[in-house]
Amino acid sequence: MITTLARLRDGTLLILAGLGVAYAAVRFGLASTSGWLLGLVLVVCLLAVISGIATLTEVPVFGPFLRIVLSYAAMTALAAILIGPMVWMLLISLHPPKSPIPPLNETLPVTSVETKDARGKVYTSVKPDLHWENYDTVLNSPTLPVRRFFLNTLFVTVSIVVLQLLITSAAAYGLSRLRFKSRELVFWMFVGSMMFAGTVTQIPVYLILRSFGWLDTYWALIVPGISSSFAVFLLRQSFLQIPFELDEAARIDGAGDWTIYSKIIMPLSKAALATAGTFAFFGAWTDFMGPLIYTNSTEMRTLEVGLSVFKNSYGGGNWPLQMTAALIVMAPLLIVFLFAQRFFVKGIQLGSIK
Amino acid sequence: MGERVTARRPKAAWFFIAPAFVHLLVFALIPIGYALYISLFKMHLVKGEGKFVGGFNYRYTLADSDFWNAMWNSARYALMSVPIGMALGLAVALLVNQKLRGVTIFRTLYYIPSIASSIAIAMLWIYVYLPQNGMVNTVLGWLGITTQTDFLNNMTWAMWALVAMAALNGIGPKMILFLAGLVNIPPELYEAASLDGASRTRTFWRITLPMLAPTTFFVMVTSTIGAMQLFAPVYLMTKGGPEGSTDVVGYHIYREAWVQFNTGLAAAQSFILLAVIAVITLGQFKLQANQLRGYSAS
């Protein structure tokens, strides 16, 4: 009973103190002294309020209820911030082309219609005004071959996913089931390249592709992506979990490495392969820097780069068409994500075990 | 362990590894060496072969105030976005780790921005930050703060706008990592704490946070490396402006290489960036090692 009262008191005091100090800091113009100082004070106040709330949720009877209500409120608010713009995107894509950005409370694609009844009284009602033709306009744009971009992206992505799975699973097999001198060294070369090969490889890879004569061809879009150190790492982690007795038994029965790899390891690693494939798919589909640098003719662009060109060529003016284009780029990603999301969870968790 | 029973078959092993290893050589390891080589030349991307200038590109870059401005912007961006992003990721993980109806739906929703195309997200957030009818200004108006701040074109706010966007849209992977870390904390610790009557706040600081240290470290290292190489949002939303206040190194090098075509100079700059990232990462590992020593001593 005493702890309950103490918690009630402490929690309330913490919340009030936090709110009070924050209000005073803003009210008396701490921001004019230093924005950073104000930020620091506000963060401390926020922590005080949060710990006050946490204390209150431990009070019996109303505590658990408070916790549930606040959790749902926080989760809903965050979802609104993250998904709100995407819902907005869908709604704006149905507005009449070239219409300016409406105020937020007029986002719904509707028009008001005035009707007169028999006695001449005027009624105003709203009815949906959906401009699906925006999708037609974008897909058949005379200046930008969006369907070509789509097919390019599809071809490049599928090639990368298939080749990457073959190449990286083979490497993971070699690095997990077979022993050779310097195996650790080779493995750490893969892992190290994951950390450091970023901006620095841009220019050399461009020059290498140019010397192969591959610039502005599918080779330049596909070959740099057909192997991935992350996938090698991920698949190796997962292959190590498969009992080694299976290999031994197979070898006694006269099976070679190829048989063990294709008949034992691969079928037992479907989940890991799906995970690696999912990452390869999203990596390739949303790659921006690569296609931007390695291609320059419109016919070789992918959706990501095409969309950025679209954004520039239509300027800031035509938001409905821009949003339509953005949605066309996003739709396949969302659909694949809904089917493959459990593989993401698995992959991210496996990737962090070092 | 498996080490004992794996077959010792170097030829077969190299047969399996070769394709990925050749790819690693051609597209990661050789390019790093090649970048070092190029950085010693004064070279134009289109006009072709340049002339050997030794360390000139490095001396030039180290004396170039624009480059240091970009470096400082990247450091600012990392210092702002990494802690905020991590705190948000952890807070959201704690939130969706509760046994509540429908949390899995929220987890899915929070992950969606991380898989969405970066261009589409950038286009959306350009709108979110618009001075007139933009989402932020509208919501501020509802709260009684009427402004028409052009967040992306404002010296004070442009960097914060990028940070907020990255921190919010990057919640997904961090949330999943922290969730995995939370699951791995033995429940006995929490039982003992609640028997002792420890408050939730205290339990968080004394049990949850220390037990999450490995996860926190991993998230910190990977998001710092990512933050130092930021490119796409800057390219699409601010073009480094206003007045170079969001000109981060990733974008600066991009411009040097692909707009100015100063290949050698850009290679030198990318190498300096690589060195800086390596030093930061090593520093973080050192820090982590010291911390772990502190734990075992206490």
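Predicted model: local features only at pLDDT ≥ 70, side-chain atom pairs only at ≥ 80, totals over all residues.
Two strands pair if DSSP finds at least two bridges between them.

**A hairpin out in the open**

Strand 1 of chain A covers residues 110–116, and seven bridges tie it to strand 2 of chain A, with the two running antiparallel. One example of who faces whom: Thr115(A) sits opposite Tyr123(A) of strand 2. Five residues lie between the strands of this hairpin, and Gly120(A) has a positive phi near 85° there.

How many residues of strand 2 of chain A are buried? The count is zero among its seven residues, which span 122–128, leaving this strand hardly covered.

**A helix with a hidden face**

Next up is helix 12 of chain A, residues 257–268. Its 12 residues reach 15 Å from first C-alpha to last, close to the 16 Å expected at 1.5 Å a residue. Which of its residues are buried? They are Asp257(A), Ile260(A), Tyr261(A) and Ile265(A).

**Where the two chains meet**

That brings us to the contact between the chains. On one side there are 80 residues of chain A, and they are in contact with 79 residues of chain B. Helix 4 of chain A, residues 62–92, supplies the largest share of chain A's side, with 12 residues. By type, chain A's side divides into 52 nonpolar, 20 polar and eight charged residues.

In soluble globular proteins, nonpolar side chains tend to be buried together. In this model, the largest nonpolar core has 155 residues, and the members touching the most others are Ala171(A), Ala326(A), Ala120(B) and Trp125(B). Helix 16 of chain A (residues 319–351) gives this core its largest share, 13 residues.

Let's zoom in on Ala326(A). If you leave aside neighbours within four places in sequence, Ala326(A) is in contact with Met89(A) and Leu307(A) from chain A, plus Ala120(B) and Met123(B) from chain B.

**Chain B as a whole**

Chain B has 14 helices and three strands. Its C-alpha atoms fill a box of roughly 75 × 70 × 35 Å along the principal axes. Of its 298 residues, 43% count as buried. Take the contacts in chain B between residues at least 6 apart in sequence: 67% of them join residues at least 24 apart.

Most residues other than glycine have a negative phi, and most peptide bonds are trans. Asn133(B) is not a glycine, yet its phi is positive, at about 65°. Phe261(B), also a residue other than glycine, has a positive phi near 65°. Here are their places in the chain:

| Residue | Loop in chain B |
|---|---|
| Asn133(B) | between helix 5 (118–128) and helix 6 (135–142) |
| Phe261(B) | between helix 13 (249–258) and helix 14 (263–297) |

Are these residues buried or partly exposed? Asn133(B) counts as partly exposed because it has 17 C-beta neighbours inside 10 Å. Phe261(B) has 14 such neighbours inside 10 Å, so it counts as partly exposed.

**Sequence distance versus space**

To finish, here are two pairs in chain A. Pro145(A) is in the loop between helix 5 (133–139) and helix 6 of chain A, and with 17 C-beta neighbours inside 10 Å, it counts as partly exposed. How far is Pro145(A) from Glu299(A) in space? The answer is 7.5 Å, C-alpha to C-alpha, although they are 154 residues apart in sequence.

Asp136(A) belongs to helix 5 of chain A. It is exposed because 11 other C-beta atoms lie within 10 Å, and the cut-off for exposed is 12 or fewer. Asp136(A) is 60 residues from Thr76(A) along the chain, and their C-alpha atoms are separated by 34 Å.

Note on methods: Residues numbered from 1 in each chain as written. Chains lettered and ligands numbered in written order. Contact = placed C-beta atoms within 7 Å. Helix = DSSP H or I, 4+ residues; strand = E, 2+ residues; numbered from the N terminus. Nonpolar A, V, L, I, M, F, W, Y, C, P; charged D, E, K, R; others polar. Buried ≥ 20, exposed ≤ 12 C-beta atoms within 10 Å, placed from the backbone. Expected span 1.5 Å × (residues − 1). Core = buried A, V, L, I, M, F, W, Y, C linked by C-beta atoms within 7 Å.
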